[in-house]
Amino acid sequence: MHSYSLIAPAKINLYLEIIGDRPDGYHELAMILQSIGLADYIDVHSISNDTIRVHSNHPQVPTDNSNLAYKAAELMTRQFPEAFAKYGGVEISINKQIPVAAGLAGGSTNAAAVLVGIDLLWKLGLTQSELEELGATLGSDVPFCVSGGTAIATGRGEQLSPLPSLDKIYIVLAKYRSLEVSTPWAYKTYRQEFGNSYIRDTNDLAARASAVHSGEIVKAIALADAGKIAQKLHNDLERVVLPAYPQVLQLREIFANQEGVLGTMMSGSGPTVFALFESEQQAEQVKLHVREAISDEDLELFVTRTITHGIQVASSI
Ligand code: C5P
């Protein structure tokens with residue numbers, strides 16, 4: 001095989017708690033991550049010369065080494081120089097459907113797909129945990145994107161504990177096309193405003209991180225109770241993003257007042273806001289109502305649902 005087509009799903013955060021600082025400048029987190037049906041489509045081909053090439057259908061996606069997918073390919077060439085010499089370079093085509101800089105891990109899932117694709121192209125036989133370990137060097141969300149489904153993520157976000165799968169909870173995503181929130185800005189601002197309440201003691205940090213395992217939302221996930229899950233949604237970063245971005249706050253308020261919405265929250269560092277539903281029909285209806293309430297062409301709305309997997313191979317040649 002010299003070409004693989006991969007499906008690279010987006011994620012939402014059902015839960016994001018900032019527990020404290022880390023010596024590496026990142027934050028100690030307790031999150032619950034959930035893969036969703038909205039996905040990018042990534043083709044990975046072997047090419048005869050020893051270069052990395054990235055193409056995309058989206059003008060905002062860079063094709064140089066500032067693209068996380070490019071960085072993933074570079075990492076593989078460094079880690080596996082013999083396979084690189086044997087199989088040659090890699091061409092990566094990104095068919096982008098996931099909004100960029102949206103809090104949906106679009107870049108991270110593309111990088112995860114490139115790791116999986118090159119592992120297959122070069123017949124490396126890497127295990128899921130080896131792929132996740134490589135992914136962690138690229139970004140905090142990349143390991144989750146490899147395996148996907150529903151998982152608790154602690155540490156920087158790279159330490160994963162799988163949770164029972166959540167299938168078919170329906171979701172509406174809302175994102176203003178031209179609105180982007182910088183993730184470093186969101187965490188930095190949170191530290192400035194709420195850093196005083198960070199847990200400093202290492203034992204207390206570990207205890208707080210492990211407490212998420214027995215939290216109410218995890219119990220609700222075990223019962224696959226969409227209504228209870230929706231009541232326990234949480235995202236600490238809303239505390240800095242909502243006041244700074246009135247459009248995001250407005251979306252949260254509009255969703256909260258719609259019939260059929262089980263719960264609503266911002267995903268990651270935003271600006272995407274999501275709402276959860278029992279049925280696809282309710283989700284479609286609320287999408288229409290929000291479109292009527294906000295006639296701004298800049299607002300993108302998607303109906304999708306929870307899924308139980310991360311990167312998947314769609315076909316190979
Ligand atoms: O790991 P990633 O590159 O996706 O993180 C983007 C930014 O988000 C980091 O540069 C950092 O500012 C912030 N971050 C953090 N703590 C985490 C994860 C991300 O402060 N656990």
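Where does UniProt place the feature "domain: GHMP kinase C-terminal"? The record, an unreviewed entry, puts this feature at residues 219-293, in the numbering used here, with feature names shortened and with annotations that may be inferred rather than shown by experiment. The structure is a predicted model, in which local features need pLDDT of at least 70 and side-chain atom pairs count only at pLDDT 80 or more, while totals for chains, interfaces and linings use all residues. Residues are numbered from 1 along each chain as its sequence is written, and side-chain values use heavy atoms, with hydrogens and water left out.

**The annotated domain**

- Over residues 219-293 the chain is 56% helix and 15% strand, where helices (H or I, at least four residues) and strands (E, at least two) are DSSP runs numbered from the N terminus.

**The largest pocket**

- The largest pocket holds about 1,200 Å³ of space, a volume being the space filled by probe spheres set on grid points that are joined across faces, edges and corners.
- A pocket is defined on a 1 Å grid over the protein atoms alone, as an open set of points where a 1.4 Å probe fits, with protein on both sides within 12 Å along at least five of seven lines, and its lining residues have an atom within 4 Å of a point.
- The largest pocket is lined by 44 residues, of which Leu68, Ser108, Asp141, Thr183 and Pro184 are the closest to its centre.
- Two or more lining residues come from each of strand S1 (3-21), strand S2 (27-47), helix H1 (68-79), helix H3 (106-121) and helix H6 (183-194), and the largest share, five residues, is that of H6.
- By class, this lining has 19 nonpolar, 18 polar and seven charged residues, where Ala, Val, Leu, Ile, Met, Phe, Trp, Tyr, Cys and Pro count as nonpolar, Asp, Glu, Lys and Arg as charged, and the others, Gly among them, as polar.

**The annotated active site**

- The UniProt annotation "active site", again from an unreviewed entry, covers Lys11 and Asp141.
- Although these residues are spread over 131 residues of sequence, they cluster in space, with a largest C-alpha distance of 9.2 Å, and both Lys11 and Asp141 belong to the lining of the largest pocket.
- Lys11 is found in strand S1 and is buried, with a relative accessible area of 3% (buried means under 20%, exposed over 50% and partly exposed in between, with a 1.4 Å probe and protein chains only).
- The side chain of Lys11 makes a polar contact with the side chain of Asn13 at 2.7 Å, a polar contact being a pair of N or O atoms within 3.5 Å, where within protein one must be able to donate a hydrogen and the other to accept it, and residues adjacent in sequence count only if both atoms are side-chain atoms.
- Asp141 lies in the loop between H4 and H5 and, leaving out residues up to four places away in sequence, touches Lys11, Met31, Leu33, Ala105 and Ser108, contact meaning heavy atoms within 4.5 Å.

**Thr109 in helix H3**

- Thr109 is found in helix H3 and is buried, with a relative accessible area of 0%.
- The side chain of Thr109 reaches the backbone oxygen of Pro9 at 2.8 Å, and the residues that Thr109 touches, not counting those up to four places away in sequence, are Ala8, Pro9, Ile98, Cys145 and Ile311.
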